[in-house]
Amino acid sequence: MTTTTKSAAPASSYKPDADGRLLEVDDLHVEFHTPDGIARAINGVSFDLHEGETLAILGESGSGKSVTAQAIMGILDMPPAVIPSGSIRYCGQDLLTMPEEQRRKVRGPEISMIFQDALSSLNPTFPVGWQIGEMFRQHRGMNKSDAYAQAVRLMERVAIPAAKERVKSYPHQFSGGMRQRIMIAMAIALDPAVLIADEPTTALDVTVQAQIMALLAELQEERKMGLILITHDLGVVADVADRAAVMYAGRIVARAGIEDLYAQPAHPYTRGLLESIPRLDQKGQTLAAIGGLPPNLTRIPQGCAFNPRCRMAQDICRTELPALRQVGQQQSACHFAEEVLNG
Amino acid sequence: MGKYIVRRLLQMIPVVLGATFIIFAMVFALPGDPTAGKCGERPCSPEYVAKFREEHNLNDPLPVQYGKYLGKFVQGDLGTNYYGIPVKEDLAKRYTITGRLALMAIAFEAVIGILAGVLAGVRKGRFIDNLVTVSTLFVISIPVFVIGVFMQYLFGIKWGIFPATVPSLEASTYSLILPAFVLGSLSIAYVARLTRTNLVENLRADYVRTAVAKGLTKKRAVGVHTLRNSLIPVVTFIGADFGGLLGGAIVTERIFNIQGVGGYIWKGINSRDGVAVVSTVTVLVIVYLLVNLLVDLLYGVLDPRISHD
């Protein structure tokens, strides 16, 4: 950040608490009222996020990770989405009960988000610099040419070559990786305290994936942002995340420091996810995939939602919902967490 | 861009040639004698008929007639009609009123149509949406001569708000409001529906979600981000419609007794006035092609993904 923009930015009225806690999600529920019934996408999710921390939220499609992110951003389509209970506090203030105009001013300057597909997430009919600069025009009342200058600065920051010449180019004139860099530039434009990245690298080549992850890690370090990294790909988060929460059928089923999670998973689902990553030292062996499909959210199985796909499932798993509890250094919502951890 | 325009202009030549030849052949293939009824109650004298046919090259074979006609046309001579008046003069007078009428109809389409479409789109499923959907269906399903006569009776005769007919070539803008509205009514309905559909579709687009996530006001997310994309097909429709409207509106012009291009062609066909019909239609074809070219260029401005290189 240059000093000029620092002075242009009004001091944020949001301050993290003494522990540096930025975001506190508590017992969040989200339902979608569809013609086929009520889909319970989020069923009591709680977590918090501190300054300078990277939290990975892992899970398959339909596990509720993206819905959680969209609920935090306040960009769920309501209806059909309904938030029957729970709270999302940002620096102590509940976003869910906040007036919409106040909440709008949180989006961008305080909490911002990067989406999976940068091509469809950027407006095809406006130059990229215009779209980045819009953040300054909307939230800082900046004029067009100053906003363009800011866009150039941000494009340089995310390492887009010849930023000055390309600031008036359109999204389709960039490669996939460059487009994602533009999304990132837009998201960090106003120096947000929290950045949510929803599958930021899924649409990219592997080499580009690594570059984007490195850029995110670098920006987070530089700005002390709280970063929520949502992905189904356990490979991309290992180097970047501090903690991880694993979601299944709208619940957090495991929570651990990133090393523990990889070294000694305490939930059969986490273990299944890890085993389904191809490894060079096990070449030739059949890749262990988790059998079956994630449950239909309008009919989540009784007991532990994972039981129909779990190799360790017993009778208790089909009747009793396991609570998230401490197991060693980690948390796991499994009746047999100790066995998994030690097995 | 310049290259593109030149290429498009060159492509127009065969289209214009083809269209005019077909019209030419069809008009002269029509049964009937252009000299019939020219001399009052009596048949025309053989001398007059011979002179008339000579003057208008009617004795030559069709391709020769066409060639002679075309030679004059490229020099800017649109010929004289069978009454001895240069077609160019007639057309200039009538084109003014047709053009004004078309412009006003387009203005109605753009303003009312887009406004209704946007209101219906952002309030999908609510009262205003249903109102727009039902009323546009109503307009689309009724023929324009019914709407025209009905509105003429209501606004022109019963309530007297607007003049019921506009026979003068120098009609005031006010007196053209009613005919222009009737002329544009069908397209207003189409534009409203097209705008609504596109807006509803685009409101679900990822980039609109991004716009909201950027903390933009709802007005900005819809009015700038969504509308820009939703209006691309609408502009194309309105542009093509404008080209069509410049060809005159026979039905609307007749209802309101407007002396426009549509009526001129109508009269020309009825009196077997080949030169008048062919020249007018040729001008219309050229105007239509030019308007289309303009629309295509505008399309490139609205949607940067379309390149004219």
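Biologist: In which kind of crossing does H1(B) pass H12(B)?

Modeller: This is a predicted model. In it, H1(B) passes H12(B) in a right-handed crossing. The term is used because the near helix is turned clockwise from the far one by less than a right angle.

Biologist: What makes H1(B) roughly antiparallel to H12(B)?

Modeller: Helix H1 (residues 2-29) of chain B and helix H12 (residues 274-302) of chain B have axes that cross at roughly 155° and come within 9 Å. Angles over 145 degrees count as roughly antiparallel, and H1(B) is therefore roughly antiparallel to H12(B).

Biologist: Which residues of H1(B) and H12(B) meet?

Modeller: The H1(B) side includes Met12(B), Val16(B), Ile23(B) and Phe24(B), and the H12(B) side includes Val278(B), Thr282(B), Ile286(B) and Leu289(B). By class, this contact has 15 nonpolar, 3 polar and 1 charged residues. Arg8(B) is one of the residues on the H1(B) side, and arginine is among the residue types that count as charged.

Biologist: Why is H6(B) called roughly antiparallel to H7(B)?

Modeller: The axes of helix H6 (residues 144-158) and helix H7 (residues 173-203) of chain B are 10 Å apart, and the helices pack at an angle of about 150°. The cut-off is again over 145 degrees, so H6(B) is roughly antiparallel to H7(B). H6(B) also passes H7(B) in a right-handed crossing.

Biologist: What classes of residue make up the contact of H6(B) with H7(B)?

Modeller: The contact has 7 nonpolar, 3 polar and no charged residues. Among them, Ile147(B), Met151(B) and Phe155(B) of H6(B) and Leu178(B), Val182(B) and Ser185(B) of H7(B) take part. Gly148(B) and Gly156(B) also belong to the H6(B) side, and glycine counts as polar under the classification used.

Biologist: Is Ile140(B) buried, exposed or partly exposed, and why?

Modeller: Ile140(B) has 13 C-beta neighbours inside 10 Å. A residue is exposed with 12 or fewer and buried with 20 or more, so Ile140(B), with 13, counts as partly exposed. Ile140(B) lies in helix H5 (residues 127-141) of chain B. Not counting residues up to four places away in sequence, Ile140(B) touches Leu186(B) and Ala189(B).

Biologist: How far is Ile140(B) from Gly71(B) in sequence and in space?

Modeller: Ile140(B) and Gly71(B) are separated by 69 residues in sequence and by 44 Å in space, C-alpha to C-alpha.

Biologist: How many helices and strands does chain B have?

Modeller: Chain B comes to 12 helices and 0 strands. Of its 309 residues, 35% count as buried. Its C-alpha trace spans about 85 × 55 × 30 Å along the principal axes.

Biologist: How do you know that the radius of gyration of chain A agrees with that of a compact globule?

Modeller: A compact globule of 343 residues would have a radius of gyration near 20 Å, and chain A has 21 Å, so the two agree. The C-alpha atoms of chain A fill a box of roughly 65 × 50 × 45 Å along the principal axes. The secondary structure of chain A comes to 14 helices and 13 strands, and 45% of its 343 residues count as buried.

Biologist: Is Glu199(A) buried or exposed, and why?

Modeller: Glu199(A) has 21 C-beta neighbours inside 10 Å; buried means 20 or more, so Glu199(A) counts as buried. Glu199(A) lies in the loop between strand E8 (194-198) and helix H9 (206-223) of chain A. The phi of Glu199(A) is near 50°, a positive value in a residue other than glycine.

Terms used. Residues numbered from 1 in each chain as written. Chains lettered and ligands numbered in written order. Predicted model: local features only at pLDDT ≥ 70, side-chain atom pairs only at ≥ 80, totals over all residues. Axes fitted to C-alpha atoms, helices over the stretch in contact; angles between N-to-C directions. Helix = DSSP H or I, 4+ residues; strand = E, 2+ residues; numbered from the N terminus. Parallel < 35°, antiparallel > 145°, perpendicular 65-115°, else oblique. Contact = placed C-beta atoms within 7 Å. Rg over C-alpha atoms; globule rule 2.2 N^0.38 Å.
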